[in-house]
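Please look over the chain shown below before reading on. The briefing that follows moves from single residues to the chain as a whole.

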Amino acid sequence: MFARGIVWRIEGDVTDARGNIAGRYFGADDGRCFAAARTSKPGVLLRLPAADPPVWDLKAILPPSS
């Protein structure tokens, strides 16, 4: 699978993005702690918004919701 689009390079304080991404894996509080421990390290954020993301209809294979 390929993603296509224009890449945005954002340099500078990426603490909020680090916290949001880490929060998905560690939970919100631990994600904020993870990001706060790395504020002295500058970062680069690459954003790639998909121009035409693929979409699948999975209703046929998912169990019915209760």
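In which helix is Thr-15 found? Thr-15 belongs to helix H1, which covers residues 15-26. The model discussed here is a predicted one, and the protein chain in it has two helices and two strands, arranged along the sequence in the pattern β-α-α-β.

- The side chain of Thr-15 makes a polar contact, at 2.5 Å, with the side chain of Asp-13.
- When neighbours within four places in sequence are left aside, Thr-15 is in contact with Ala-35 and Thr-39.
- The buried residues of H1 are Thr-15, Ala-17, Gly-19, Ala-22 and Gly-23, and these buried residues pack against helix H2 (28-36) and strand S2 (43-47).
- An α-helix has 3.6 residues a turn, so residues three or four places apart point the same way.
- With 12 residues at 1.5 Å a residue, H1 should span 16 Å, and its end C-alpha atoms are 15 Å apart, which agrees with that expectation.
- After H1 comes Gly-27, whose phi is positive, near 95 degrees.

**The strands S1 and S2, and Leu-45**

- Strand S1 (residues 8-12) has five residues, of which the number buried is zero, so this strand lies largely in the open.
- S1 and S2 run antiparallel and are joined by five bridges; in one of the pairings between them, Ile-10 has Leu-45 of S2 as its bridge partner.
- Not counting residues up to four places away in sequence, Leu-45, which is found in strand S2, touches Trp-8, Arg-9, Ile-10, Val-14 and Ala-17.
- Leu-45 and Ala-22 are 23 residues apart along the chain, and their C-alpha atoms are separated by 14 Å.

- Leaving aside neighbours within four places in sequence, Pro-49 is in contact with Arg-4, Gly-5, Ile-6 and Trp-8.
- Pro-49 and Leu-62 are 13 residues apart in sequence, while the distance between them in space is 28 Å, C-alpha to C-alpha.

**The chain as a whole**

- How does the radius of gyration of the protein chain compare with that of a compact globule of 66 residues? The globule would have a value near 11 Å, whereas the protein chain has 17 Å.
- Taken along the principal axes, the box filled by the C-alpha atoms of the protein chain is roughly 50 × 35 × 15 Å.
- Among the 66 residues of the protein chain, 14% count as buried.
- The protein chain exposes about 6,100 Å², of which carbon and sulfur atoms supply 58%.
- Of the contacts in the protein chain with a separation of 6 or more, 79% are accounted for by residues 24 or more positions apart.

Methods. Residues numbered from 1 in each chain as written. Predicted model: local features only at pLDDT ≥ 70, side-chain atom pairs only at ≥ 80, totals over all residues. Heavy atoms only, no water. Polar contact = N/O pair within 3.5 Å; in protein donor to acceptor, adjacent residues only side chain to side chain. Contact = heavy atoms within 4.5 Å. Expected span 1.5 Å × (residues − 1). Buried < 20%, exposed > 50% of the residue type's maximum accessible area, 1.4 Å probe, protein only. Pairing = 2+ DSSP bridges. Rg over C-alpha atoms; globule rule 2.2 N^0.38 Å. Areas by Shrake-Rupley, 256 points an atom, 1.4 Å probe, with all protein chains shown as cover.
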